[in-house]
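Please look through the sequence and the three-dimensional structure below before reading on. The report that follows goes from the meeting of the chains to single residues.

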Amino acid sequence: MSTRAAAKERARAGRKQAERERREAERRRQRLFQLGAVVLAAALIVAVLIGVSQSGSGDGGNVEGGADAGALFAGIPQNGNALGDPGAIGTMTEFADLQCPYCAQYAGEVLPEIVREHVRGGGVRLALLPIAIIGPDSERGALATIAAGRQDRMWQFAHVFYASQGAENSGYVDDGFIRGVAAAVPGLDVDRLMRDMQRPAVAAELRRNQARAQLLGVSGTPTFFVARGDGAPEPLPVQSLSAEAFAEPLARLSSGG
Amino acid sequence: MTDRGALIAIRALALAGIGVAAYLTWAHYADVAPVCATGGGCERVQNSEYSELAGMPVAILGLAGYLTIVAASFVPGEAGRLGVAGIALTGAGFSAYLTYLELFVIDAICQWCVASAVIMAAIAALAVVRVVLGPPLEPATGR
């Protein structure tokens with residue numbers, strides 16, 4: 001092969017190489033452009049998913065009853081599970097399962113009268129001991145209620161909870177429900193309550209309530225006991241869940257009789 | 001890593017992801033707490049309001065994502081590469097959001113969810129590399 005032919009061949013090979021490189025660079029640019037479009041599309045889809053997730057969470061604004069609870073208990077001292085004057089002569093203790101419909105009936109129809117007639121006057125102090133006997137939702141409800149007691153708002157929380165009860169053991173007492181109930185209670189720090197629910201001390205308080213209920217022979221809810229001063233609790237048998245049924249024994253309790 | 005090696009790794013990771021997502025989906029519908037090495041973290045995350053998206057468990061979304069990745073990995077050409085990358089990037093982005101929720105909102109860690117997030121992120125990284133590098137060069141024709 002002559003020198004001239006060899007030079008032509010080299011030039012042709014060079015042109016081919018340059019053409020290959022140009023095509024490869026063009027393909028790379030195209031791939032990067034496509035990747036950018038894919039990243040953009042993925043980011044948009046993620047943004048939509050996050051939007052849907054956020055709209056379904058939050059503080060469950062469909063829960064009502066907070067205003068009623070606020071008015072019912074306004075101005076009455078609360079300390080943990082206790083409602084009323086710490087110096088009251090007598091204490092009525094209620095064992096309650098937050099899922100129990102009778103507890104809700106008592107809280108809605110009878111408790112307001114008891115609070116007005118016997119607690120506000122300073123004669124009777126109430127103590128609420130949440131226990132779990134119906135199922136897993138009861139346990140989560142009890143833990144949340146005890147956690148609300150750590151912010152001295154157990155009674156408001158339980159009141160709103162009862163007003164929002166779902167079907168027993170349907171799994172309705174999830175974080176969304178608890179947040180919704182908590183958000184309806186004025187002054188209750190929702191995030192703190194959710195954190196407190198996980199604390200061993202709250203679980204220990206529930207275990208103590210359960211043990212105490214067992215010791216006292218509690219087999220259903222609501223079950224009531226009364227105690228004078230530091231005296232031992234005595235069962236308070238009531239014929240019906242009505243304000244009238246509680247009126248006489250509580251009047252006797254507040255008078256020290 | 002060769003293109004074929006990356007493809008095999010993506011399929012293997014997606015199969016692992018299917019296992020994790022299927023287990024979490026089962027735990028959701030069976031209403032049992034997932035086996036958890038981090039105390040009650042998994043149960044807490046599972047019970048949180050963020051465990052569902054528009055009424056659908058997020059575990060099912062993950063399962064659907066992994067299955068789609070496996071299917072897309074068998075589509076030839078650029079469409080297959082871009083499809084896998086798109087799904088994996090979406091999954092990794094949403095997994096990052098869910099991990100943020102675990103750390104800063106729910107205040108509990110579910111190791112299965114973290115495992116799924118890591119798997120999805122690894123698939124996304126491999127898929128992006130495959131898109132950037134393109135198909136393997138065809139052998140020269142000799143002309």
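## Where the two chains meet

In this predicted model, 27 residues of chain B are in contact with 26 residues of chain A. The size of an interface is often given as the accessible area lost when the parts come together. For chain B and chain A that area is about 2,200 Å², and 63% of it lies on carbon and sulfur atoms.

The side of chain B that touches chain A draws at least two residues from each of three helices of chain B, namely α2 (41-47), α4 and α5. Of the elements of chain B, α4(B) gives the most to this side, with eleven residues.

Helix α1 of chain A covers residues 3-55, which makes 53 residues. From its first C-alpha to its last, the helix reaches 78 Å, and this is close to the 78 Å expected at 1.5 Å a residue.

Which residues of α1(A) are buried? They are A:Arg31, A:Leu35, A:Val38, A:Ala42, A:Val46 and A:Ser53. What these buried residues of α1(A) pack against belongs to chain B: they meet β1 (52-53), α4 (77-106) and α5 (111-133) of that chain.

## The sheet of chain A

Strands of a sheet pair through backbone hydrogen bonds, either parallel or antiparallel. In chain A, six strands form an open sheet with mixed pairing, and their order across the sheet is β1-β2-β4-β3-β5-β6. The strands β1 (78-79) and β6 (234-235) of chain A stand at the edges, where each has a single partner strand, so one side of each is left without a neighbour in the sheet.

Strand β4(A) can be followed through its partners on either hand. With strand β2 of chain A (residues 82-83), β4(A) is joined by two bridges, and these two strands run antiparallel; here A:Ala82 has A:Ala127 of β4(A) as its bridge partner. With strand β3 of chain A (residues 90-96), β4(A) pairs in the parallel sense over seven bridges, and A:Thr91 stands opposite A:Arg125 in β4(A).

## How β4 of chain A is enclosed

Why can strand β4 of chain A be called largely enclosed by the rest of the structure? Strand β4(A) spans residues 124-130, and seven of its seven residues are buried, so the strand is largely enclosed by the rest of the structure.

In a regular strand the side chains alternate between the two faces of the sheet. For β4(A), one side carries A:Val124, A:Leu126, A:Leu128 and A:Pro130, while the other carries A:Arg125, A:Ala127 and A:Leu129. As all of these residues are buried, both faces of β4(A) are covered.

## Chain B and one of its buried residues

Chain B contains five helices and two strands, and along the sequence these follow the pattern α-α-β-β-α-α-α. Of its 143 residues, 44% count as buried. When contacts in chain B between residues at least 6 apart in sequence are considered, 72% of them join residues at least 24 apart.

B:Ser116 has its place in helix α5 of chain B. Is B:Ser116 buried or exposed? B:Ser116 has a relative accessible area of 14%, which is under the 20% cut-off, so the residue counts as buried. Leaving aside residues up to four places away in sequence, B:Ser116 touches B:Val20 and B:Tyr66.

## Backbone details in loops of chain A

The peptide bond from A:Thr221 to A:Pro222 is cis, with omega near 0°, and A:Pro222 lies in the loop between α9 (200-215) and β5 (223-228) of chain A.

A:Asp152, in the loop between α5 (136-149) and α6 (154-163) of chain A, has a phi near 55°, which is a positive value in a residue other than glycine. A:Asp152 is partly exposed, with a relative accessible area of 34%. A:Asn169, found in the loop between α6 and α7 (175-183) of chain A, has a positive phi of about 55° although it is not a glycine, and at 38% relative accessibility A:Asn169 counts as partly exposed.

Note on methods. Residues are numbered from 1 along each chain as its sequence is written. Chains are lettered from A and ligands numbered from 1 in the order in which they are written. This is a predicted model: local features need pLDDT of at least 70, side-chain atom pairs count only at pLDDT 80 or more; totals for chains, interfaces and linings use all residues. Side-chain values use heavy atoms; hydrogens and water are left out. Helices (H or I, at least four residues) and strands (E, at least two) are DSSP runs, numbered from the N terminus. The expected span of a helix is 1.5 Å times one less than its number of residues. Buried means under 20% relative accessible area, exposed over 50%, partly exposed in between (1.4 Å probe, protein chains only). Contact means heavy atoms within 4.5 Å. Two strands pair if DSSP finds at least two bridges between them. Buried area is the accessible area (1.4 Å probe) that two parts lose on being put together, summed over both.
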